[in-house]
Amino acid sequence: MAAKKPSRPWRLLHTTNSAVVETKHRSQPEAYREVAAEKQRIADGISRVVGIRVEKWSVEYARWEHFETPYPDPNATKE
C-alpha cells in the first residue's frame with residue numbers, strides 16, 4: 001500500500017541543548033519564512049536553538065528526507 005503525502009510535507013527540526021522541536025509546514029516558502037524568523041530570534045539572542053534542519057516528505061520512499069541544514073551555516077568560517 002502506497003503511503004499518502006501528508007498535508008504538511010515540510011518539516012523543521014529545531015535543535016536545542018535539551019530537545020528537538022518539530023514543526024510542520026504546508027509549503028517550502030512557509031517553512032523558510034519560519035527558518036528566517038528563527039534565525040532572527042537567534043541573532044537577537046532570544047532563542048535557545050543551536051541547529052535547524054529542513055526535511056521534506058518523500059512520496060516515493062514514504063519517509064522524511066533531509067533537504068537542507070540552514071543553521072548553523074555550513075559555509076560559514078569559524079574564527
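Reader: Is Trp-10 buried or exposed?
Author: The model is predicted: local features need pLDDT of at least 70, side-chain atom pairs count only at pLDDT 80 or more, and totals for chains, interfaces and linings use all residues. Residues are numbered from 1 along each chain as its sequence is written, and side-chain values use heavy atoms, with hydrogens and water left out. Buried means under 20% relative accessible area, exposed over 50%, and partly exposed in between, with a 1.4 Å probe and protein chains only. Since its relative accessible area is 6%, Trp-10 is buried.

Reader: What is the geometry of the ring pair Trp-10 and Phe-67?
Author: Two aromatic pairs are present in the structure. Rings of Phe, Tyr and Trp (its six-membered ring) pair if their centres lie within 6.5 Å; planes under 30 degrees apart count as stacked, over 60 as edge-to-face and the rest as tilted. For Trp-10 and Phe-67 the centres are 4.9 Å apart and the planes are at 90°, so the pair is edge-to-face.

Reader: Which strands does this pair link?
Author: Strands (E, at least two residues) and helices (H or I, at least four) are DSSP runs, numbered from the N terminus. Trp-10 and Phe-67 are 57 residues apart, so the pair links distant parts of the chain, namely strands β1 and β4.

Reader: What is the geometry of the pair Trp-57 and Trp-64?
Author: Trp-57 is buried, at a relative accessible area of 16%. The ring centres of Trp-57 and Trp-64 are 5.4 Å apart and the planes are at 80°, so this pair is edge-to-face.

Reader: What is the omega of the peptide bond from Tyr-71 to Pro-72?
Author: Pro-72 is in the segment after β4 (63–71). The bond from Tyr-71 to Pro-72 is cis, with omega near -5°.

Reader: What is the phi of Ala-62?
Author: Ala-62 is in the loop between β3 and β4. At 34% relative accessibility, this residue counts as partly exposed. Although Ala-62 is not a glycine, its phi is positive, at about 55°.

Reader: How far apart in space are Lys-4 and Ala-37?
Author: Lys-4 is in the segment before β1 and counts as exposed at 72% relative accessibility. Lys-4 and Ala-37 are 33 residues apart in sequence, and their C-alpha to C-alpha distance is 30 Å.

Reader: In what order do the elements run from the N terminus on?
Author: The secondary structure comes to one helix and four strands. From the N terminus on, their order is β-β-α-β-β.

Reader: What does the C-alpha trace span along its principal axes?
Author: Of the 79 residues in the protein, 28% are buried. Along its principal axes the C-alpha trace spans about 50 × 25 × 20 Å.
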